[in-house]
Each structure stands twice: as structure tokens, then as C-alpha cells.
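Subject: Structure handover

Hi,

Here is the structure I promised you. Please open it and keep it beside this email.

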Amino acid sequence: MSIIIKSDRELEIMRHAGKATASVLKVLASSVQPGIKTSELDEIASAESLKWGGKPSFKGYQGFPANVCVSINNEIVHGIPGPAVINEGDIVSLDFGLEIEGFQGDTAVTVAAGNVKKTALDLIETTRGALESGIKAARNGKRVGDISSAIQKYVESRGYAVVREYTGHGIGRSMHEDPQVPNFGTTGTGPLLKKGMTMALEPMVTTGDWRTRLGNDRWVVYTADGSLAAHFEHTIAITEGEAEVLTLA
Ligand code: MG
């Protein structure tokens with residue numbers, strides 16, 4: 001594979017796909033509350049996608065059985081919605097992808113269910129900030145390693161760890177295009193960033209160690225040490241100036 005530069009017309013469609021994806025995620029995020037089943041969130045994802053005329057991208061992707069990934073507390077990513085009930089004090093990571101007119105949007109957020117511990121709130125804010133610092137570093141003429149390094153430095157300066165085994169990625173007609181965008185790395189290394197590149201940046205941050213463990217369903221990814229995890233993601237486009245965030249509701 002190689003990196004695909006998008007035309008202005010393609011970016012226009014991706015802007016629309018991004019807005020739709022973010023709008024569905026916004027409804028999902030506001031639906032998280034103690035007592036709701038994760039399967040109910042999946043139903044909401046399906047219904048909201050229909051309103052936009054979009055197709056949830058994760059369903060059927062490598063056999064994933066649901067419309068949205070719902071990962072709770074020590075689950076980092078790829079949690080399958082089901083009978084699990086969200087409890088007061090949980091933090092809930094929602095990752096959602098939508099295909100519209102042949103293009104993909106991909107975005108994630110971690111939200112609190114009711115009152116959560118201060119550490120959990122701080123983890124959420126740190127992960128949000130890590131994504132912001134990655135976006136700031138994503139500029140024409142810089143390199144992927146500049147994004148990776150910005151994310152890693154932001155997270156580690158606050159005493160948390162970035163997950164290494166799962167990364168951000170290029171995105172366009174396919175959900176996963178080149179290049180990979182790790183959440184750790186060295187400035188000035190990796191592929192060159194050019195205007196028209198579109199990427200999903202997605203820091204996954206833990207309160208403990210960065211190592212992960214795959215669940216028995218072969219999907220859900222846990223922190224190996226049982227610590228809490230948060231996940232934020234935006235689909236962005238490289239421009240001549242600051243990167244444009246495409247997944248805004
Ligand atoms: Mg992604």
C-alpha cells in the first residue's frame with residue numbers, strides 16, 4: 001500500500017462523512033448513563049446511522065459483530081456491545097466508524113457514567129489533550145513521528161502510558177490506509193506529511209502500564225495490569241496550515 005492524497009472533491013465528501021460520524025458518536029456519548037446496556041448503545045448507533053444514510057463501518061469488519069465498539073474501564077478498545085450494563089463510576093470508550101458515499105469517518109471518545117473518580121476524569125482529560133497535541137503536530141512538511149512524539153510526550157509528562165500495540169492510521173475509501181500512526185515515537189522520523197493526506201489519530205492511554213491483553217472473545221483488548229484506559233480519536237486532513245478535523249458534529 002502507499003499513502004493516498006485526496007483531491008478537494010474527495011475531501012468534501014470526507015468532511016460530510018466525518019460530520020455524520022461525529023454526529024452519531026455525539027448521540028451515543030450523551031446516551032451513556034448508569035443502567036444502560038451496551039447493546040442499547042449498539043441499537044442507537046444503527047438507528048442514527050440510518051438517519052444519515054450511512055453504513056456503520058465496523059460491522060462485519062474482519063468479522064466484528066456490532067456497529068460500535070464499547071469498552072469499559074480496563075477495556076481499551078474493540079469491546080463488543082451485549083448484555084453488559086454500564087454502572088455508576090464507569091468510564092466508557094465509544095469508537096465509531098461510518099461509511100458515506102464510499103468514504104470513511106472514524107472517531108472515538110471516552111465518557112464518564114455518573115460520578116467517577118478524579119483519577120478517571122484526569123485520564124480522560126489527558127487522553128483528550130493527547131489527541132489535541134497530536135493534531136497540532138500534524139502539519140504539511142512534518143513527519144508521522146512528530147505526531148507520535150507529541151502524543152507520547154503529552155501523556156508521559158502527566159504520568160500516564162500510551163498503548164503501543166494499536167495505532168492510528170490513514171483513512172479514506174478504506175478504514176485503514178497507510179501510514180500507520182503510532183502513539184509513541186521520535187520527531188523527524190517516519191513518512192512525510194503532505195497536504196491532502198487524511199488520517200485517524202487515536203491515542204489510547206492507561207493509568208498503569210502500556211501492555212495489553214486480548215480477551216477471550218478475541219476482540220476486546222484489556223490493559224494487561226487491569227489499570228483504567230481511555231481512547232480519543234478524530235479523522236483529520238493535512239492542509240497548508242493547521243490540520244482540519246473532519247469528525248466534528
Ligand atoms: Mg481508528
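Leaving aside its neighbours within four places in sequence, which residues is Thr 212 in contact with? Contact here means heavy atoms within 4.5 Å. The partners are Ile 76, Val 163, Glu 165, Tyr 166, Val 221, Tyr 222 and Ala 224.

Two notes on the source. This is a predicted model, where local features need pLDDT of at least 70, side-chain atom pairs count only at pLDDT 80 or more, and totals for chains, interfaces and linings use all residues. Residues are numbered from 1 along each chain as its sequence is written, and side-chain values use heavy atoms, with hydrogens and water left out.

Back to Thr 212. It sits in strand β11, residues 212-214. Strands are DSSP runs (E, at least two residues) and helices likewise (H or I, at least four), numbered from the N terminus. Thr 212 counts as buried because its relative accessibility is 18%. Buried means under 20% relative accessible area, exposed over 50%, partly exposed in between (1.4 Å probe, protein chains only). The Thr 212 side chain also makes a polar contact with the side chain of Glu 165, at 2.5 Å. That term means a pair of N or O atoms within 3.5 Å; within protein, one must be able to donate a hydrogen and the other to accept it, and residues adjacent in sequence count only if both atoms are side-chain atoms.

Now the whole protein. It has 4 helices and 15 strands. Of its 249 residues, 54% count as buried. The C-alpha trace spans about 45 × 40 × 30 Å along its principal axes.

Best wishes
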